[in-house]
Amino acid sequence: MIVAEHIPEIRAAVRQARAAGQTVRLVPTMGALHAGHLSLIRTARADGGFVVVSIFVNPTQFGPGEDLEAYPRPLARDLEACEAEGVDLVFHPAAEAMYPEPPKTTVHVADLTDGLCGADRPGHFDGVCTVVAKLLGIVQPDVAYFGEKDAQQLAVVRRMTADLNLPVRIRACPLVRDADGLATSSRNAYLSKVERERALALSQALLAAGGRIRAGERDAETLRGEVADALEAADGLEVRYVAVVDPDTLAPLESVGEQVLVAAAVRVGRTRLIDNALLRDLEPGTQGGSAHAG
C-alpha cells in the first residue's frame, strides 16, 4: 500500500494505474475510520480497480467553536485498517499541501446548503464542496464513494459534480449502524456511556418513522411531529432540527411520494449527532412498498 503525502506522488501513482488499465476509485474521509468508512472501502474494493482513500481533516469545513483541534486523528490505526482492506493508496496530505495559501476560491452550492445542517453550521458545506472538488481534481477518480448517513452532503456533492460537469460518478452506500442501532460516526467516540444510551433515542425515533412510512403514513408534518415529539421527550437531548424532505433536492415535503428523507440532528452533551431514515421506491398513498431505511 502506498502512503502519499504530496500531490505529485498521488498523481504519479494514479497515472501508473490508468496506464495499467485500472479504474480509479476514491473514498474521501477525515480519518478515524469506523464501520461506515470500511463499508465504503469494501464496496470500492469489490467494484475492482485502483482504490484510493484520502485521510484529511479539512479545516475549512469547521466553524468557530467546532471540534477541529479535538477531532480524532488515529492515523496509525487508520493505515492498518486500510492495508487490511486492500487499499492501494492512502492520500494523507498536510493542510499546507491542500491549502498552500489562504484560498480565494470557494465552491458554493445554493439552496441545498441552506437548511438542515447548513442552518446550524454556516459555511460548512462551502468547505466540504471546496475540499471535495480539490480531491476530485487531484485524484481524478472514475468513481467516488459517499455514505447515505451524511445525506445532505451526498445530495450537495452530487449537485456540485453535475453542475460543474466533473467526470466522476458519485456512488452512494447505505448507512451503517452499530449493534445498538446508533449510526456509525467518528464523533461517537466523544460520547460517555450515559450519553451514548441517551443518543439511542435518535436512531429509535427515525427507525420508527421509517416503519410508519412503510406502513402507509404519507403526511410529512405528521411524521416530522412524531419524530420531534419523541426526541424532545427523550432525556438529555437538544433537538437541532427534524425535517422531512426529498432526498435529492432537499426540498421540504407536504406528502411522501416515491422517496423521502427523514433527517434529524441533536446535541448530546457537547456532541452533535445526525441520523436519517432514507426510503426510496415507495408506492405513494398505499401500504407497504419496497424501501431502504438508513
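Colleague: How many bridges join strand S2 to strand S5?
Modeller: Two, in this predicted model. S2 covers residues 24-29, S5 covers residues 143-147, and the strands run parallel.

Colleague: And which residue is the bridge partner of Arg25 in S5?
Modeller: That's Val143.

Colleague: OK, zooming out. What order do the strands of the sheet have?
Modeller: The order is S1-S4-S3-S2-S5-S6, in an open sheet of six strands with parallel pairing. S1 (2-4) and S6 (169-173) each have a single partner strand, so one side of each has no neighbour in the sheet. From one strand to the next, the twist averages 25°.

Colleague: Which helix lies across S5 and S6?
Modeller: H7, residues 151-163. Its direction is at about 165° to S6.

Colleague: Switching to H1. Which of its residues are buried?
Modeller: Ile7, Ile10, Ala13, Val14 and Ala17.

Colleague: Why are they on the same side of H1?
Modeller: Because they cover an arc of only 130° around the axis. In general, an α-helix has 3.6 residues a turn, so residues three or four places apart point the same way.

Colleague: How far does H1 reach from its first C-alpha to its last?
Modeller: 18 Å for 13 residues (7-19), close to the 18 Å expected. H1 is followed by Gly21, which has a positive phi near 85°.

Notes:
Residues are numbered from 1 along each chain as its sequence is written. This is a predicted model: local features need pLDDT of at least 70, side-chain atom pairs count only at pLDDT 80 or more; totals for chains, interfaces and linings use all residues. Side-chain values use heavy atoms; hydrogens and water are left out. Two strands pair if DSSP finds at least two bridges between them. Helices (H or I, at least four residues) and strands (E, at least two) are DSSP runs, numbered from the N terminus. Axes are lines fitted to C-alpha atoms, for helices over the stretch in contact, and angles run from 0 to 180 degrees between N-to-C directions. Contact means heavy atoms within 4.5 Å. The expected span of a helix is 1.5 Å times one less than its number of residues. Buried means under 20% relative accessible area, exposed over 50%, partly exposed in between (1.4 Å probe, protein chains only). The arc is that of the directions from the helix axis to the C-beta atoms.
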